[in-house]
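Subject: Structure handover

Hello,

Here is the structure I promised to pass on. Please open it alongside this note; my findings follow below.

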Amino acid sequence: MSGFAAVLRKDLRLELRSGESTLALLALSMLVLVVLVFALDAARVRSLDAAAGALWVAMVFAGMLGANRALLAERDNSAIRGLLLSPLDPATLFAAKLAAALIFMAVAEVGAVILMVLFFNLDFDASLARLAPILALGAIGFSALATLLSAITGRTRGGDMLLPILAVPIFVPALIAGVKASAAALAGAPLASMGDWLKIMIAFDVLFVTAGYLLFEHVVGEDG
Amino acid sequence: MNNSAIRNWLGFSTLALMLAALFMVFDYVPPEAEQGIAQLIFYFHVPLAWVAFASFGLVAIAGIFYLWLGDRLWDDLGYAAAETGMVFCTLVIVTGSIWAKPIWGTWWTWDSRLTTTFILWLMYGGYLMLRASADDTPQTARFAAVLGVVAALDVPIVIASVRLWRTIHPAVLVTKQGGHGLEDPRMVATLLVSLAAFTALWAWLLWLRFKQLRTRSRMRALAVRIAFASAAASDGR
C-alpha cells in the first residue's frame, strides 16, 4: 500500500469512528446559513444571489474549521512527528491531507446545498447539478490553501485565529469567481456562459495545489 | 562603501529629492484643469503605490531566496520589505481616499484597483501578524517565506478576478480619447522627480530596517555561541 493511501485511510478511519470533523462542519455550515437567512431576511424573497453568497460563506468557515481540526489531530501527542519520521515524503503527505480535507468538505457541502435549497426556498432541479463542478473547484482550491496554511498556523501562538486572517485574503479570487458562477448557475445559466469565472477558479486550484505540493516540506518539517 | 556611508548617502538624497518634489508639486506643476488642486495628490499617490508594490515583490523574491539558500540575510530582507511595504500600502489607500472624496464623492468604492490594493494590504497584514505571533526562529522564517511566495503567486489571480468583477479607476487620470492624461510636460517631470524621491525614501527606510534586523540576527547568533561556550567551560571544570 502506498504512503498516500495509508495516510488517507488513517484519516478517513479516524473520521468514520469519531465523526468529529464532518459533524462539526455540517453543524457550522447550518449555523452560518441560519445566521445569513436572518441577516439578509432572505426567507421571504427568493434571492439567488443571497443563496449563492450564503453557501460560500458557509463553505469558507466550515473549511477553515475542518483544516484546523485535521491538524489538531496530528498535533496531539506530536503524532505529526511520527509521520515525518516515516519514509514518506512531505509532498505525498500534503496530497493525502488534501484528499482527506476534500472528502470532508464534499460531505459538508452536500449538506450545505440541501440546507440552502430548503432555507432559501429554491427548487431541487437541474441548476444544482451545474452547481456541483463550481463547488468542487472551490473546495479543491480552498482545501489546498487551508492544508498548506494550517501547517503554518498550527504551530504559532493563537494559530486558530491566524488561519482565517491568512487564508481569506488569499482565497478572495476563488471566492469572487465562485459566488458569481454559483449565482449564475442557480439562475439557470449554462456552464459555458461562465467560462471566465471557471478559468479563474481552475487557475487558482492549479496554482495552490502545485504550491502546496512543492512548499509543504518547508512548513511541515521540524527545526534542524 | 560601509554601512553608515550608504545610510547617509540614502538619507541626504532622500532629503534633496523630497524637497525638490515638494517644490514642484506645490509651486511648479499646473494642476489639472477639471480636478483642480485635488489632483496634486496624484504626485504622492502614484509613487507610493509603486514602492508599495515593489516592496511586496521584494518580499516574494526574498522568500524564494531564503527557501533556496537558507541564509538569514534573506529573511531579514523580506521582513524589512514587508514592514516598509505595509506602511506605503496604507499611505496609498489613505491618499487615494482623500482624492476620491472630492472627485468621486466617496471615500471608498469597490473598484478593481482599490479592491486589489486592499486585498494586498490584508495579505501582508496577515504576514506581519504571523511574524508577530511566532518566535523568531528559522521555522518562523520558513513560514514567512512560504506565505510571502504564496501571496505573491496569488496577486495575478486577484487582479484578474477583481478586474472581471468591476473597474472604474482612472488609467492615469481620466483618460480622454487615447491621451494618457498628463498633457503638460511639467506634469511628467514632476511625476518623475516624485517617483525618484519616494523610491529614495523607500530605499533609505528599507536599508535602516534591514541593517537593524541584521544586527539583531547577529546578536542572537552570538548569544547562542556564548551560551555554548560557557556550557562547555562549566563542563570542563
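The side chains of A:Asp11 and A:Lys97 are joined by a polar contact of 2.9 Å. Bear in mind that this is a predicted model. A:Asp11 sits in helix α1 of chain A, which covers residues 3–18. Its relative accessibility is 9%, so A:Asp11 counts as buried. Leaving out residues up to four places away in sequence, A:Asp11 touches A:Glu74, A:Lys97, A:Ala100 and A:Phe104.

Chain A as a whole

Chain A has 8 helices and 0 strands. The C-alpha trace of chain A spans about 55 × 35 × 35 Å along its principal axes. The radius of gyration of chain A is 18 Å; a compact globule of 224 residues would have one near 17 Å, so the two agree. Take the contacts in chain A with a separation of 6 or more: 82% of them come from residues 24 or more positions apart.

Salt bridges

How many salt bridges does a search of the whole structure find? Over all chains, the number is 10.

One of them is in chain A. A:Asp196 pairs with A:Lys199, and their closest N and O atoms are 3.8 Å apart. Both residues are in helix α8 (residues 195–220) of chain A; they are 3 residues apart, so about one helical turn separates them. A:Asp196 has a relative accessible area of 42%, so it is partly exposed. A:Lys199 is exposed, because its value is 57%.

B:Asp136 and B:Arg72 form a salt bridge of 3.2 Å, N to O. This pair links distant parts of the chain, 64 residues apart: B:Asp136 is in the loop between α4 and α5 of chain B, and B:Arg72 is in helix α3 of chain B. B:Asp136 is partly exposed at 28% relative accessibility. B:Arg72 is partly exposed too, at 22%.

B:Arg214 and B:Asp76 form another salt bridge, at 2.9 Å, N to O.

Salt bridges link B:Arg72, B:Asp75, B:Arg131, B:Asp136, B:Arg216 and B:Arg220. B:Asp75 lies in helix α3 (residues 72–104) of chain B. At 5% relative accessibility, B:Asp75 counts as buried. Beyond four places in sequence, B:Asp75 touches B:Tyr66, B:Arg131 and B:Ala141.

Where the chains meet

In the interface, 31 residues of chain B contact 31 residues of chain A. The buried area is about 2,700 Å², and carbon and sulfur atoms give 75% of it. On the chain B side, B:Phe143, B:Ile157 and B:Leu164 lose the most area to chain A, together 20% of what that side buries.

What does the rule find in salt bridges across this interface? It finds 0. Polar contact comes to 1 residue pair between the two chains. The elements of chain B that give two or more residues to this side are α4 (112–132) and α5 (138–165). Of these, α5(B) gives the most, with 18 residues. The chain B side divides into 23 nonpolar, 5 polar and 3 charged residues.

Best wishes

Notes. Residues numbered from 1 in each chain as written. Chains lettered and ligands numbered in written order. Predicted model: local features only at pLDDT ≥ 70, side-chain atom pairs only at ≥ 80, totals over all residues. Heavy atoms only, no water. Contact = heavy atoms within 4.5 Å. Buried area = accessible area lost by both parts, 1.4 Å probe. Salt bridge = Lys/Arg side-chain N within 4 Å of Asp/Glu carboxyl O. Polar contact = N/O pair within 3.5 Å; in protein donor to acceptor, adjacent residues only side chain to side chain. Helix = DSSP H or I, 4+ residues; strand = E, 2+ residues; numbered from the N terminus. Nonpolar A, V, L, I, M, F, W, Y, C, P; charged D, E, K, R; others polar. Rg over C-alpha atoms; globule rule 2.2 N^0.38 Å. Buried < 20%, exposed > 50% of the residue type's maximum accessible area, 1.4 Å probe, protein only.
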